Amino acid sequence: MKKYKRFMYIVFVPAILFLFLYGGTSYLSSRYSSYEELKEHEEPHEDYEINYSQRDSDITVIAIHGGGIEPGTSEVAKGLADRMDLSYYLFEGIKPTGNMILHIESTLFDEPIGRNMVQESVSALSIHGYQGEESMIFLGGRNEAYRDAIRDALQHRGFAVEDAPSHISGMSEDNIVNDTQLGEGVQLELTAGLRDSLFVNGDRSDTTDVYVKLMESLEEATNHYLETV
């Protein structure tokens, strides 16, 4: 029995520790199941901020896990929106630490400004962060035409792109990115390794050539898609 207990400790404790340290959002359960629940416990401008601009564009770019929740996603979403004069919406964690507590699942995210902006758009592009040191972009969402345009543009500039696995596929009709006039959008999952390469020494105000290439890819793909709708 002692040997069995020792085996359980050796095998399972490191495994749990690994998931805690490196598992990323896919292994974490969100504390809040709605914005209404979140705002009962968290203070705006102290724990989180909502930043947005309604520019009456056909595409709205969103980062519902922005700021310190999934670092780098706000900068990608707003960067593309400003570059193309698109509407954007950012829900950003601004706590000194522990911003993951503000993570609301995409299918449950119901903050009214963000939901309304997406609902008024023809389609949407949602930027997320994912775990992994490999520089990779996972593509999901129900808008196949927009998704394929993004894939082509990214691969043309040398980015590693794969279809998103089922748990981050963004295929649910309840996912905010698909709550558009067409009932479909695109969800990008950027690994930690990819997001690290976008900024100089972790300074998210200082972007790299990789960031520029990402912006160029998404702009090209978005323009190509908009020509078809």
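This is a predicted model: local features need pLDDT of at least 70, side-chain atom pairs count only at pLDDT 80 or more; totals for chains, interfaces and linings use all residues.
How many bridges join strand β2 to β4, and in which sense do the two run? Four bridges join β2 (residues 59-67) to β4, and the strands run parallel.

- Strand β4 spans residues 123-130, and eight of its eight residues are buried, so the rest of the structure largely encloses it.
- Cover is found on both faces of β4: Ser123, Leu125, Ile127 and Gly129 are buried on one side, and Ala124, Ser126, His128 and Tyr130 are buried on the other.

**Strand β5 and the crossover**
- In β5 (residues 137-140), Ile137 and Leu139 point one way while Phe138 and Gly140 point the other, and all of them are buried.
- β5 runs parallel to β6 (residues 161-163), joined by three bridges, with Ile137 opposite Val161.
- From β5 the chain passes through helix α5 (residues 144-156) to reach β6, making a right-handed β-α-β crossover.
- With β7, by contrast, β5 pairs in the antiparallel sense over four bridges; Leu139 has Leu188 as its bridge partner there.

**Aromatic rings**
- The count of aromatic pairs comes to eight.
- One of them joins Tyr35 and Tyr48: the ring centres are 6.1 Å apart and the planes stand at 90°, so the pair is edge-to-face.
- Tyr35 belongs to helix α2 (residues 35-41) and Tyr48 to strand β1 (residues 48-53), so this contact ties together parts 13 residues apart in sequence. Both tyrosines are buried.
- Tyr130 and Phe138 also form an edge-to-face pair, because their centres lie 5.6 Å apart with planes at 80°.
- Tyr130 has 10% relative accessibility and counts as buried; Phe138, at 13%, counts as buried too.
- Ring pairs also link Tyr35, Tyr48, Tyr89, Phe91 and Phe109 into a cluster.

**A charge over a ring**
- Lys213 places its charged end over the ring of Phe159, 5.6 Å from the ring centre.

**Asp203 in strand β9**
- Asp203 is found in β9 (residues 203-207) and counts as partly exposed, at 36% relative accessibility.
- Its C-alpha is 9.8 Å from that of Gly72, although Asp203 and Gly72 are 131 residues apart in sequence.

Conventions:
Residues are numbered from 1 along each chain as its sequence is written. Side-chain values use heavy atoms; hydrogens and water are left out. Buried means under 20% relative accessible area, exposed over 50%, partly exposed in between (1.4 Å probe, protein chains only). Two strands pair if DSSP finds at least two bridges between them. A crossover is right-handed if, with the strands pointing away from the viewer, the path from the first strand over the helix to the second runs clockwise. Rings of Phe, Tyr and Trp (its six-membered ring) pair if their centres lie within 6.5 Å; planes under 30 degrees apart count as stacked, over 60 as edge-to-face and the rest as tilted. A charge sits over a ring if NZ of Lys or CZ of Arg is within 6 Å of the ring centre and within 35 degrees of the ring normal.
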